[in-house]
Amino acid sequence: MTGKELLQKKEEFDEQQRVLAMERYKKHKADEEGKDPQESPAESSKEEFRAPPHVHGEKLAVYHCNRAACLLHLERFEEALVDCQVAVLLNPTYTKAWMRRSTAHEKTDRIEEALQDAKKALQTNPGNANLRKTVDRLQKLEDERLEKLKEETMGKLKDLGNTILGNFGLSLDNFQAVQDPNTGSYSISFNQDPKAAV
């Protein structure tokens with residue numbers, strides 16, 4: 001079985017899993033009365049794709065991983081991702097394949113996926129200090145990315161709020177949110193003159 005065929009089988013499997021998850025979700029919604037709300041329909045029976053056994057599976061994984069290393073040096077990151085995907089399908093415990101895939105994800109600005117792959121590599125080799133450093137570094141990058149995304153989203157929401165409130169001669173600056181340090185809850189107060197509050 002070639003790498004392309006293996007990836008195609010995985011895509012077909014993933015599509016079947018999405019369809020099954022959607023059916024479980026619909027059934028769960030229909031049967032919602034009398035069920036435990038803690039039970040999640042999507043998590044009830046999640047399966048992972050397993051590549052069919054291959055006589056030379058481990059050697060093929062090494063081949064694809066080495067080719068991915070060459071592609072990384074040539075800065076052909078998308079092709080490297082494909083080879084790493086084939087390698088981890090053939091040998092899910094191959095640490096180098098997970099790390100090279102993590103590197104390829106990072107080079108294509110997919111930090112979340114890079115972090116997931118680095119964590120997977122760390123699971124396969126928990127004693128490796130370099131892997132732990134990589135996971136920590138990627139976690140910081142991911143936290144920064146999420147913080148930036150949060151600030152961007154809040155800015156857009158504030159702009160939207162100001163657009164709507166502008167119809168009434170108000171803006172979000174007329175409202176002040178203060179967090180209670182004891183409970184963590186917020187109290188919102190209205191101020192007619194927002195410049196006086198500053």
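The model is predicted: local features need pLDDT of at least 70, side-chain atom pairs count only at pLDDT 80 or more, and totals for chains, interfaces and linings use all residues. Residues are numbered from 1 along each chain as its sequence is written, and side-chain values use heavy atoms, with hydrogens and water left out.

**Helix H4 and its end**
- H4 has 13 residues and spans 18 Å from first to last C-alpha, close to the expected 18 Å, the expected span being 1.5 Å times one less than the number of residues.
- Helices here are DSSP runs (H or I, at least four residues), numbered from the N terminus.
- Just after H4, Asp109 adopts a positive phi of about 60°.

**Packing of H4 with H5**
- The axes of H4 (residues 95–107) and H5 (residues 111–124) come within 8 Å and cross at roughly 165°; axes are lines fitted to C-alpha atoms over the stretch in contact, and angles run from 0 to 180 degrees between N-to-C directions.
- H4 and H5 are therefore roughly antiparallel to each other, a term for angles over 145 degrees.
- On the H4 side, the contact is made by Thr95, Trp98, Met99, Arg101, Ser102, His105 and Glu106; on the H5 side, by Ile111, Glu113, Ala114, Asp117, Ala118, Lys120, Ala121 and Thr124.
- By class, this contact of H4 with H5 holds six nonpolar, four polar and five charged residues; Ala, Val, Leu, Ile, Met, Phe, Trp, Tyr, Cys and Pro count as nonpolar, Asp, Glu, Lys and Arg as charged, and the others, Gly among them, as polar.

**Packing of H2 with H3**
- Helix H2 (residues 57–73) packs with H3 at an angle of about 165°, their axes lying 8 Å apart.
- That makes H2 roughly antiparallel to H3.
- The H2 residues Gly57, Leu60, Ala61, His64, Cys65, Arg67, Ala68, Leu71 and Leu72 meet Phe77, Glu79, Ala80, Asp83, Cys84, Val86, Ala87 and Leu90 of H3.
- The contact of H2 with H3 comprises 12 nonpolar, two polar and three charged residues.

**Helix H1**
- H1 (residues 3–30) has 28 residues and reaches 41 Å between its first and last C-alpha, close to the expected 40 Å.
- Gly3, Leu6, Leu7, Lys10, Phe13, Gln17 and His28 are buried in H1.
- The buried residues of H1 pack against helix H3 (77–90).

Key:
Helix = DSSP H or I, 4+ residues; strand = E, 2+ residues; numbered from the N terminus. Parallel < 35°, antiparallel > 145°, perpendicular 65-115°, else oblique. Contact = heavy atoms within 4.5 Å. Buried < 20%, exposed > 50% of the residue type's maximum accessible area, 1.4 Å probe, protein only.
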